[in-house]
Amino acid sequence: MRSVVLDTETTGMPVTDGHRIIEIGCVEVIGRRLTGRHYHVYLQPDREVDEGAIAVHGITNDFLTDKPRFRDVANEFFEFIKGAQLIIHNAAFDVGFINNEFALLGQQDRAELSDHCSILDTLLMARERHPGQRNSLDALCKRYGVDNSGRDLHGALLDAEILADVYLTMTGGQTNLSLAGDGADSESGGRQQATPIRRLPADRASTLVIRANAEEVAAHEVRMRAIEKAAGTAPLWLQLERAVSDEAEALPA
């Protein structure tokens, strides 16, 4: 699945008061991996940016004077996101502004983003997983150990990159696999030292293989379905099983 993690910055809120988008940031994720492709643009909104909004993102009216307008980038932006799963934190906000920008251009066929993309709201996902807790992007970074030290101000591309890390961590199950020896990282940030490789003798006794019985296989399948439901995507084990099954079915009888 191709996903696009997206964020916007605006002149203020709400969109019904005539506020506009001034920055769009997107990063591409395919197969749960960041591809390095991104889309980023600042926009001239043809209106003043609210002082309160400037305090949040630091984007001033003078900075935006020579920037393109949404109509100048509408086609390339739409082509970048079309058909993707959009991953957005508080999606109703960003989607509402994007729909409005296309509507202002008279592009009614694009003015309902959900007709062209599936939309996953990480704020709603976080609220389901962590009810009663703070679920802002900063709070999720702290909870999942994602580095947001460079986030002094909001910025669409930076926030999209951070959100991509948060989403992949939040939906990825185990996030840390240490193959080092017994020594843990020191509090000062020292690296772990890997255990030296030990070669096993060629004449060693064969390892005893104990295969799962029917009850254990059934329990495994239940566990895999539970992980799939919680993560919103099939765990790697199930993906491999299904790929093997599909290949077997494709073979001639």
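**Close-up views of a predicted model**

**View 1. Helix H7 is mostly covered, with 12 of its 15 residues buried.** The model shown here and below is predicted. H7 runs over residues 156-170. From first C-alpha to last it reaches 20 Å, close to the 21 Å expected at 1.5 Å a residue. Among its buried residues are Leu 157, Asp 159, Ile 162, Val 166, Tyr 167 and Met 170.

**View 2. Arg 2 and Glu 28 meet through their side chains in a salt bridge.** The N to O distance is 2.6 Å. Arg 2 lies in strand E1 and Glu 28 in strand E2, so the pair ties together parts that are 26 residues apart in sequence. Arg 2 is partly exposed at 23% relative accessible area. Glu 28 is buried at 4%. Arg 37 joins Arg 2 and Glu 28 in a network of salt bridges.

**View 3. A salt bridge pairs Arg 20 with Glu 101.** Their closest N and O atoms are 2.9 Å apart. Arg 20 sits in the loop between E1 and E2, Glu 101 in helix H4, 81 residues apart. Glu 101 is buried, at 1% relative accessibility.

**View 4. Arg 69 and Asp 46 form a salt bridge between two loops.** The N to O distance is 2.8 Å. Arg 69 is in the loop between helices H2 and H3; Asp 46 is in the loop between strand E3 and helix H1. Arg 69 is partly exposed at 29%, and Asp 46 is partly exposed at 46%.

View 5. Cys 26 is buried at 0% relative accessibility, and Cys 117 is buried at 6%. The whole structure has zero disulfides.

Key:
Residues numbered from 1 in each chain as written. Predicted model: local features only at pLDDT ≥ 70, side-chain atom pairs only at ≥ 80, totals over all residues. Heavy atoms only, no water. Disulfide = S-S within 2.5 Å. Buried < 20%, exposed > 50% of the residue type's maximum accessible area, 1.4 Å probe, protein only. Helix = DSSP H or I, 4+ residues; strand = E, 2+ residues; numbered from the N terminus. Expected span 1.5 Å × (residues − 1). Salt bridge = Lys/Arg side-chain N within 4 Å of Asp/Glu carboxyl O.
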